[in-house]
Amino acid sequence: MSETGALLDVAERAVDAGIARLARAGEGWSARRFKASGEEVTAADLEVEEVISAVLRRRSPYVPVVGEETADGTALPPRCWLLDPIDGTMNFTRDSPFYAVSLAYVEDRLPRLGVVDAPALGRRWRTGQQSCPPRSSPVARTVDEAVIGLTGTGSGDPQRIGLLLSTAYRIRMHGAMSLDLVGVAEGWLDACVCLRPKPWDVAAGTALVRERGGAVLGAGGREFAFGSPVLVAGHPTLARAVLGLWESRPAEDE
């Protein structure tokens with residue numbers, strides 16, 4: 001088995017363990033509190049991160065784990081696992097099924113493989129040719145034809161958001177960046193816009209989109225890199241058009 005195949009097997013086993021623990025969670029697990037940043041967090045976020053991280057450390061001790069709930073703000077190691085134990089915590093606390101466990105393996109800040117599992121939907125997506133066939137659904141090539149996911153709208157950029165709302169065919173606000181990227185990879189979203197994405201929010205989904213031939217762009221039209229204030233994914237032509245529209249109006253804090 002290749003190293004990539006072995007790491008993907010490790011990733012799936014780790015996610016399996018986290019999903020199994022989440023399935024046994026009681027009501028108290030979904031009680032929310034707030035981080036200093038204002039984001040919601042639950043006991044489930046912390047427990048699932050601990051369980052998955054333990055499996056990763058046992059099965060790939062040479063690869064450090066960077067998880068959302070324990071990240072200390074330091075630079076990413078040259079190679080690491082990036083883990084969001086529950087992407088869409090706000091949905092989870094409200095019994096919405098639109099949340100996911102997102103895990104990626106990253107080298108030199110580039111996602112090399114990813115697993116996204118939405119346990120309440122009974123769906124899993126992973127990189128690898130057998131599990132990620134090319135998308136076959138029709139692709140919108142212009143913004144006014146496109147169904148676009150928008151996540152990360154808690155504050156800021158109201159003018160840009162308004163312009164996107166008035167131009168796109170439809171906007172969908174699911175509240176989970178990993179699943180918006182899955183939507184682009186699968187074709188039930190034509191594009192997505194993620195605002196102020198953290199590495200663990202988007203690494204696995206970025207790997208899925210790129211594997212299926214989509215573009216994942218950051219500020220200025222460059223290939224998306226961690227730290228960009230915006231991520232736009234979609235068919236290359238559409239992604240460039242959406243990003244161009246977004247950047248045609250300056251942010252209010254600029």
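Reader: Which residues line the largest cavity?
Author: This is a predicted model, and a search of the whole structure finds 1 cavity of 30 Å³ or more. About 30 Å³ of space lies in the largest cavity. Its lining is made up of Arg 109, Leu 110, Pro 111, Arg 210, Phe 224, Ala 225 and Phe 226.

Reader: How many residues of that lining are nonpolar, polar and charged?
Author: The lining includes Arg 109 and Arg 210, and arginine counts as charged. Leu, Pro, Phe and Ala count as nonpolar. By class, the lining of the largest cavity has 2 charged, no polar and 5 nonpolar residues.

Reader: Which element gives the most to the lining of the second largest pocket?
Author: The second largest pocket has a volume of about 300 Å³. Of the 16 residues that line it, Val 66, Ala 71, Gly 73, Thr 74 and Leu 76 are the closest to its centre. At least two lining residues come from each of strand S3 (65–67) and H6. With 3 residues, the element that gives the most is S3.

Reader: What classes of residue make up the lining of the second largest pocket?
Author: Gly 73 is among the lining residues closest to the centre, and Gly is counted as polar. The classes in the lining of the second largest pocket are 2 charged, 5 polar and 9 nonpolar residues.

Reader: Which residues touch the most other members of the largest nonpolar core?
Author: In soluble globular proteins, nonpolar side chains tend to be buried together. Here the largest nonpolar core holds 33 residues. Elements giving two or more residues to this core include strand S4 (79–87), helix H5 (177–186) and strand S12 (230–234). The members that touch the most others are Leu 82, Val 116, Leu 179, Leu 231 and Ala 233.

Reader: What is Leu 179 in contact with, leaving aside its neighbours within four places in sequence?
Author: Leu 179 is a member of the largest nonpolar core. Val 116, also in that core, is one of its contacts.

Reader: How many disulfides does the count come to?
Author: Cys 194 is in no disulfide. For the structure, the count of disulfides comes to 0.

Methods
Residues numbered from 1 in each chain as written. Predicted model: local features only at pLDDT ≥ 70, side-chain atom pairs only at ≥ 80, totals over all residues. Heavy atoms only, no water. Core = buried A, V, L, I, M, F, W, Y, C linked by side-chain atoms within 4.5 Å. Buried < 20%, exposed > 50% of the residue type's maximum accessible area, 1.4 Å probe, protein only. Helix = DSSP H or I, 4+ residues; strand = E, 2+ residues; numbered from the N terminus. Contact = heavy atoms within 4.5 Å. Disulfide = S-S within 2.5 Å. 1 Å grid on protein atoms, 1.4 Å probe; cavity = no way out; pocket = protein on both sides within 12 Å on 5 of 7 lines; lining within 4 Å. Points joined across faces, edges and corners; volume = space filled by probe spheres on them.
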